[in-house]
Amino acid sequence: MMTAFCSKNTYLTLKSPMFQLSGDMSEVRQLITDVATGTPGVVGVVISDKDGVPVLKAAIESNNLLEGCFRHQFLSVFGTLSEHGQKMCLGPTSSIMATFDDYQVVHTYQDPLVLTIIASNEALTGQLMSLASALKPLVCDIAKTIVVM
């Protein structure tokens with residue numbers, strides 16, 4: 001089955017043992033929001049391609065900072081750092097964690113998509129990595145069904 005991605009009018013069918021969804025992206029966005037609210041400190045989740053083009057954005061808390069985090073310039077950092085790591089013979093990158101004064105960011109790579117979790121500086125990094133693991137089946141299903149045209 002092939003599904004075309006068009007930012008607001010995207011329709012997809014996800015059929016996995018863990019997630020049973022059929023509908024538009026707002027249903028998927030709501031599922032991600034529901035799962036992410038169980039992790040304290042999470043303010044936003046973005047699924048993008050390796051070049052930083054957002055596929056799905058879910059804001060858990062309304063915040064001005066999130067608009068900057070949802071832009072491709074910020075999201076493309078994973079691809080750039082991954083390429084530099086390979087040039088230094090470090091091997092493929094599976095995740096990148098960054099901490100700032102007020103926030104922390106976790107990027108995890110699930111070929112061909114990148115899951116980015118933005119959280120407050122008080123969130124526990126281990127819980128953010130557990131959230132990324134919990135969302136991995138959903139991201140893999142999205143990767144199988146989305147065809148970027």
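**Exercise 1. Arginine 29**

Leaving aside its neighbours within four places in sequence, which residues is arginine 29 in contact with?

Solution. The model is predicted, so local features need pLDDT of at least 70 and side-chain atom pairs count only at pLDDT 80 or more, while totals for chains, interfaces and linings use all residues. Residues are numbered from 1 along each chain as its sequence is written, and side-chain values use heavy atoms, with hydrogens and water left out.

Step 1. Locate the residue: arginine 29 sits in helix α1. Helices (H or I, at least four residues) and strands (E, at least two) are DSSP runs, numbered from the N terminus.

Step 2. Apply the contact criterion, which is heavy atoms within 4.5 Å. With neighbours within four places in sequence left aside, arginine 29 is in contact with Leu56, Lys57 and Ala58.

Step 3. Look at the side chain. The side chain of arginine 29 reaches the backbone oxygen of lysine 57 at 2.7 Å.

Step 4. Compare sequence and space. Arginine 29 and alanine 59 are 30 residues apart in sequence, and their C-alpha atoms are 9.0 Å apart.

Step 5. Classify the accessibility. Buried means under 20% relative accessible area, exposed over 50%, and partly exposed in between (1.4 Å probe, protein chains only). Arginine 29 has 31% relative accessibility, so the residue counts as partly exposed.

**Exercise 2. Glutamine 30**

Which side chain does the side chain of glutamine 30 join in a polar contact?

Solution. Step 1. Glutamine 30 also has its place in helix α1.

Step 1. A polar contact is a pair of N or O atoms within 3.5 Å; within protein, one must be able to donate a hydrogen and the other to accept it, and residues adjacent in sequence count only if both atoms are side-chain atoms. The partner is aspartate 34, whose side chain is joined to that of glutamine 30 by a polar contact of 2.7 Å.

Step 2. Glutamine 30 is partly exposed because its relative accessible area is 44%.

**Exercise 3. Two helices**

How do the axes of helix α1 and helix α5 cross, and within what distance do they come?

Solution. Step 1. Two packed helices are described by the angle between their axes and the distance between the axes. Axes are lines fitted to C-alpha atoms, for helices over the stretch in contact, and angles run from 0 to 180 degrees between N-to-C directions.

Step 1. The axes of α1 (residues 25-36) and α5 (residues 125-145) come within 11 Å and cross at roughly 170°. Therefore α1 is roughly antiparallel to α5. Angles under 35 degrees count as roughly parallel, over 145 as roughly antiparallel, 65 to 115 as roughly perpendicular and the rest as oblique.

Step 2. List the residues that meet. From α1 these are Val28, Leu31, Ile32, Val35 and Ala36, and from α5 they are Leu131, Leu135, Leu138 and Ile142.

Step 3. Sort them by class: the contact has nine nonpolar, no polar and no charged residues. Ala, Val, Leu, Ile, Met, Phe, Trp, Tyr, Cys and Pro count as nonpolar, Asp, Glu, Lys and Arg as charged, and the others, Gly among them, as polar.

**Exercise 4. Histidine 107**

Is histidine 107 buried or exposed?

Solution. Step 1. Histidine 107 belongs to strand β7 (residues 103-110).

Step 1. The relative accessibility of histidine 107 is 5%, so this residue counts as buried.

Step 2. Beyond its neighbours within four places in sequence, histidine 107 is in contact with Phe74, Phe78, Ser94, Ser95, Ile96, Val114, Leu115 and Thr116. With threonine 116 there is a polar contact between side chains, at 2.9 Å.

**Exercise 5. Serine 120 and aspartate 102**

Where do serine 120 and aspartate 102 lie?

Solution. Step 1. Serine 120 lies in strand β8 (residues 113-120), and aspartate 102 in the loop between β6 and β7.

Step 1. Serine 120 is buried because its relative accessible area is 18%, whereas aspartate 102, at 52% relative accessibility, counts as exposed.

Step 2. Not counting residues up to four places away in sequence, aspartate 102 touches Ala119, Ser120 and Asn121. Serine 120 is in contact with Gly41, Asp102, Tyr103 and Gln104, its neighbours within four places left aside.

Step 3. The C-alpha atoms of aspartate 102 and asparagine 121 are 5.1 Å apart, and the two residues are 19 apart in sequence.
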